[in-house]
Amino acid sequence: MLDVALQFLVNGLVTGSFYALMALGLAMIFGLMEVVNFAHGEFFVMGGVVAYAFCNVLGVDFYLTIVIVVALMFAFGAATDYLLIRPLRGQHLLSTALVTIGLSIFLINTMLLTFGTSPQGLDAPFSRKPIIIGEIVITEGRLFAIVVGAVAIVATHILIQKTRLGRAMRATFQQKEAAALVGVNVERVYTLTFALGTAMAAIAGVLLGAVFVIHPSTAELATLKAFVVVILGGMTNLPGAVAGGLLLGVVESLWGGFVSTGYMDVIGFALVIFILLFRPYGLFAPRPGR
Amino acid sequence: MSSQRLPLLALLAAAIALPLVFRGEYFMHLMIMVLFYTVLASSLNIVTGYIGQLSLGHAAFFGIGCYAAAMLTLDAGWSVWTAMIIAGLAAAVAGFVIGYITLRLDGHYFVLITLAFAEVLRLVVINWEEVTRGPLGFPNIPRPSIVLGGEVMVDFSSKTHFYYVALVLVVITLWAKHRFVYSAMGRASVAIRENPRLAQSVGIDPFYYSMVAFVLGAFFAGLSGWFYAHYISYVGPDVYGFGFMVTMLIMIAVGGRGTIVGPVIGAAIITIVVEELRFAREIRLSLFGLLLMLSILFFPRGLVSVPDLLRRRGWWPGAGKTGTA
Amino acid sequence: MTKTMTGLATAVAAVAVLAGGALAQTDTIRIGVIKPITGPLAFDGNNSVNGAKLAVDEINAKGGVLGKKLELVVEDGQCKPADSVTAAEKLMVRDKVPVVMGAFCSGATLAVMPVAERNKVPLITGVSSSPKLTEAKQSWFFRNAESELMTAQAFAAILYEKMGLKNIYYLAVNDDWGRGTVGAFKETFEKIGAKTMSIEYVDRTANDFYTPLTKIRAANPDVVIVVAETQAGSIITKQARELGLKSKIFGVGAWATPTFMNLAGDAANGVFAGVVYASTATGDANKMFVDNFKKVFNTDPGKYSAGGYTTINVIAQAIARAGAAEPDKIREALTKTDVQAPNGRIKFDSHHQAYGWELVLVELKDKVPHIRATGVAKSPYD
Amino acid sequence: MALLEIDVLSKSFGGLQAVRDISLAVDDGEIVSLIGPNGAGKTTVFNLVTGYLPPSSGRIRFAGRDIVGLKPHTIAGLGLVRTFQITNVFPALSVFDNIVAAHYLKARVPLWKTWFRDRAVAAREATAHAAAEEVMGFLGLGHRRDMTAENLAYGELRLLELAIGLGAGPRMLLLDEPAAGLNTEESARLVTLLREIAGTRGITILIVEHDMNVVMEVSHRVVVMNFGEKIAEGSPEHVRQHEQVIEAYLGRGFEDEAPATPA
Amino acid sequence: MLVLDNVHARYGSVNALSGVSMTVEPGELVALVGANGAGKSTVLRTVSGLMRPHLGTITFNKARIDRQSASEIVKLGIAHCPEERKIWPQMTVEENLEMGAYLRRDKAGIAATLAKMLDRFPRLHERRRQMAGTLSGGEQQMLAIARALMSAPQLVMFDEPSLGLSPILVQEVVAIIRDIYKDGVTVLLVEQNVNMALRLASRAYVLETGRVAVSGDSRDLLKDDSLLKAYLGG
């Protein structure tokens, strides 16, 4: 029993690092910028598709591909914000929600056309050989996913806490007017935040291709899960999003392992309902003082 | 609130005459789908347009209507017409329960908790095979029939019969919505949407009216589910899915939310556009996504605002009177 | 008044655009096709369309049917009931095609069946596998595919009796096909005395199956019956190897395809698959099909391509036998079908369920499906 | 007996004591002003009285009934109606619809009657409409009847707020800075209107206002707050001469310091 | 130095300013007073670029700034210390201050200014690692003032710096503003505490419903009864 439980825990952490990366990106776009982004899963898959184009089709080195994907998807996110989100800033929730729905319909079907409808794996340079630690099995690819996830999360943390841009972001989302008054270009911060969120989802997409396979149909469930995690983590709380992601991964794994795999996806939504009823500000957020 | 009654009556007259003028089952089918989507989108519009809350769980009420209709007529052997009432009521009761829990939350949280409810329901429907027949759902849902004095008067073998039933549903929905909107009730709802604090200060209870609108929306979503079940004759778990939700949202946003004709226009335009884009084959949905983005960017208040926009530029006759309720 | 204008304009536009009615008659015979060509099932849907296209090209190259060329009218049903119904209405009513192939997913096909019934147009599926479709005798519906029950009946015996696999664990996608297939296998297996250990259902689009596989590894069954398509199936195969699962794997779905074997890689070695079609099957009909398919699409055909190919051949033969491209005559002719398909000799039984395929149990090895056992699909009704 | 009685009311946010032991009574038919510098806690008092905030301690009675813990709409239903500091209307609605919406309590019918109207419904609707027309006429907004509220000029917007407040059929109105941003003429008009509202219509008024001309002219009594506490109460004349009040308003003197001169 | 010429501004359809003209000369300390809603804050918002005037011009050192973005205006040397402090509650005191110098690139200069600020505001020095949200009202006001000075502005505009402060703290704010002014920074002060404002400033403008009603030497205004009337009625 215990060995199985440990294996479930490790499985959960792997899934959880995907959730965490997705949610970290969405916490920026949805939590901080308040854009109900239904294209988040598509950004995720797009990361994998772009990586496939570079890594498998053009034969670019896998690690270099990661860098390229991050750069391209960052630019794509910035363009998306500039063209689609900025004109609707300050309008009803529904407007941005629908524009991102339009974007998601467009992206998913365009990807099916260009990438093809067949699932694909990335030519990642690690072996499929399992690494066995005691009773626990893990592979290089899975370890890599956890490591990249951790690196991306730490890098984001440093970016936000230590850099000029990070400070400008925090200032903008805490008190927009004051940020403008010290000279922060608030609109640009919004655009960069959106771009960062997009790139974050795209990294998860590359890992998806490296560890599993890339297929556009993954997008819808991924979007929903990311929303779930952001709520668990407390909307604007970035460390909370990471914790929420890992938590959901582990809970799902344990629930699937000991209760029912058929109902595995229910648990996240059930948690959302439960938490919003009793802790409306998320699991990891302090209650706002007032 | 300028009355929208006259244009609606004109449309109704046109709709009654339509099957007499144009024949063709495919055309009839599309018109039926337009009418069906009108009911469905209008039901969401009561919540999103008039209370201003973005409910992503609305497909659940539609799904409940579908399943109630299927289970009552197939498993319990009830009459199709009794099932209609129950389908609406079942959805309304679900609306009450879910609304009671979710309407206390606001904005983003409301969006997500309603979505979570719909997803939980969908997954339960897939997994609880004993009751819901699982992913395969209910085939061969009977057609309605009208029996008078032991004789079948209307057997619904023709699309025209369904068309008129759908039209009656549309009329009931729009009438109920019209009454709602142009009553103390509707004014209270709009007041809540426009300024909840101020609404409270003149004695309006936001929770109560959000609830009324939510339950009313659920009821009509349930009715449309009933119609869908008997018209398509098959329901599966996809009726709870995000697909229908997105379709409704697109329809009210493209048509114009918070208006009575908006969802009518949206249902018609979207049904027709999706159909007309068939020529585009594989890129059909890509084009659709693109059109949707453009429509939201250029007409954020929906197509009902087009005459206003044109008038402001002097391209449309009439004085520049703005304001839709 | 402004809204009147908008509303009326909409109505006028709608009427003008849609009331056009049927197009002018041409000297081709048009066959309606409803498949998911966009959305998550587009991969398999398009494979099916490709098979159909090849069949049409071959037939047209030989001069067509009744002196007329065949033409496919492909419509997207997205495997959604409502969209498939709309596609069917368009094909049967506006385009007036005399026969329709579709609609892929069993749910969508169930929704289209009454439309065919009402319009009196034969509907023939080359994919939908739910036994429910043919349970009642339908007059206008034909299934040119094995039902889940037929698959189970054909393979359960081989697995149990020939291979001695007694303890069965199921891992299936959580949709109508997955649940239906598990149900059929479970019923068949239990009848002959095998033991069902447990069932795990997973989302069709999931990526990580370590959790159910960990459970299965702990239970250590003789065989895991995996009901999944390429995406989930290939990942399950790989992850089962990673986890060191010792049980045999028996896959139901399009597992003997190049895409599948490429994705699964070495992990596919030793995996068994029960397929109604394998590109490596011997026989002239199959050789010709595989060669031609490779020429056009540059890859080996799989189950869905073969399904589309055979179905068009069945239709073409029926039209030829009917002597006219008229729905009722085609329906009559279809009941007398006798077609040499790449994978068997196809006939329809009293429920319009096709039988006669050579079902093969293959073992995948180095990206080649090796045939280990064969059987012929029998009608479950007659 | 006083219509509104506030008894040692306190409210703190975190560590900040926004309102401290305020006691105050307003009699039927009176116009009382609540004044004090920004941040003195006046608006908080309004929020406490009308149920928008729960008090930390203290009692509030309206017409003899304890109203602490009641929801804002219930309190409004009892006849205690407020307006807001920042212009607050229903922006997308026409002036008439704004006022009709505010007459909600007059037009309210049982839920089912929304769809199955009878004469009573029509009568209530007619009453509400007539009342709205009357208020509109009274405030001189008739010529703006069909204009969308967001397109109104500022002065008219403030009148519309007053109209909305009157719509709920109050026994007592709490007005939060109704004169803010009004020019001299408009303020003078407001004074007349407030007197009529109290006199002819018999509506008791508690008003928070910075425009002292208005305050001095309309008030029967003035209550002064500073730093959450009541520092003075009395007739306008009395308050105007009150040392502490002058200090609160104009700040402490800095006689010992010389004014700056350009360098 | 700063010239507003016939500036009109509105929120939506509501006119907030209807033709404000005023000037601030280099080295001056000018007060802008008036009742609530008169438009004092709006004047500052149009100057700092948070709002665009729809009519009229604003020039700073002879360059037009009414079409420039807030960040460009900060770069030109105008700092705006906003109403209600608007500090960043989830950032430390030090980060708040560093953000004040967001557009400055000279690391040494920033460090010097920071040191100077921490020196002048010992309370902030003590709490420089604390989240700004945990500061008391008065401390937050000091932080807001210090933050505005971090950009090393030529002109600093204060919006109601004494709001909600106890008399002792008001005295402290007065002392600080006087210091800033003595350091050669030009000051435009919006205040409801008229007495304080007029005693600090050399010149003053009295705003009434979006227009300048009275302006002139603050000593004269102080003696003028009309001002008292405007506040306590007559």
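In chain D, Glu5(D) stands opposite Arg61(D), a residue of strand E4(D). The model described here is predicted, and local features are given only at pLDDT of at least 70 and side-chain atom pairs only at pLDDT 80 or more, whereas totals for chains, interfaces and linings use all residues. Residues are numbered from 1 along each chain as its sequence is written, chains are lettered from A in the order in which they are written, and side-chain values use heavy atoms, with hydrogens and water left out.

Strand E1 (residues 4-13) and strand E4 (residues 57-62) of chain D run antiparallel and are joined by five bridges; strands here are DSSP runs of type E with at least two residues, helices are runs of H or I with at least four, and both are numbered from the N terminus. Two strands are taken to pair if DSSP finds at least two bridges between them. E4(D) is also joined to strand E5 (residues 65-66) of chain D by two bridges, again in antiparallel fashion, and Phe62(D) stands opposite Arg65(D) in E5(D). Two residues lie between the strands of the hairpin of E4(D) and E5(D), in which Ala63(D) takes a positive phi near 50°.

Contact, defined as heavy atoms within 4.5 Å, involves 41 residues from chain A and 39 residues from chain B. The area buried between these chains, that is, the accessible area (1.4 Å probe) lost on putting two parts together and summed over both, is about 3600 Å² for chain A and chain B, with 83% given by carbon and sulfur atoms. In chain A, the residues that lose the most area to chain B are Leu94(A), Leu98(A) and Ile273(A), together 15% of what that side buries. Zero salt bridges are found across this interface of chain A and chain B, a salt bridge being a side-chain nitrogen of Lys or Arg within 4 Å of a carboxyl oxygen of Asp or Glu.

Between chain B and chain C, the contact takes 47 residues from chain B and 43 residues from chain C, and the buried area is about 4200 Å², of which carbon and sulfur atoms give 68%. Four salt bridges are counted between chain B and chain C, and Arg278(B) meets Glu75(C) in a salt bridge between their side chains (2.9 Å, N to O).

No contact joins chain C and chain D, whose closest C-alpha atoms lie 16 Å apart.
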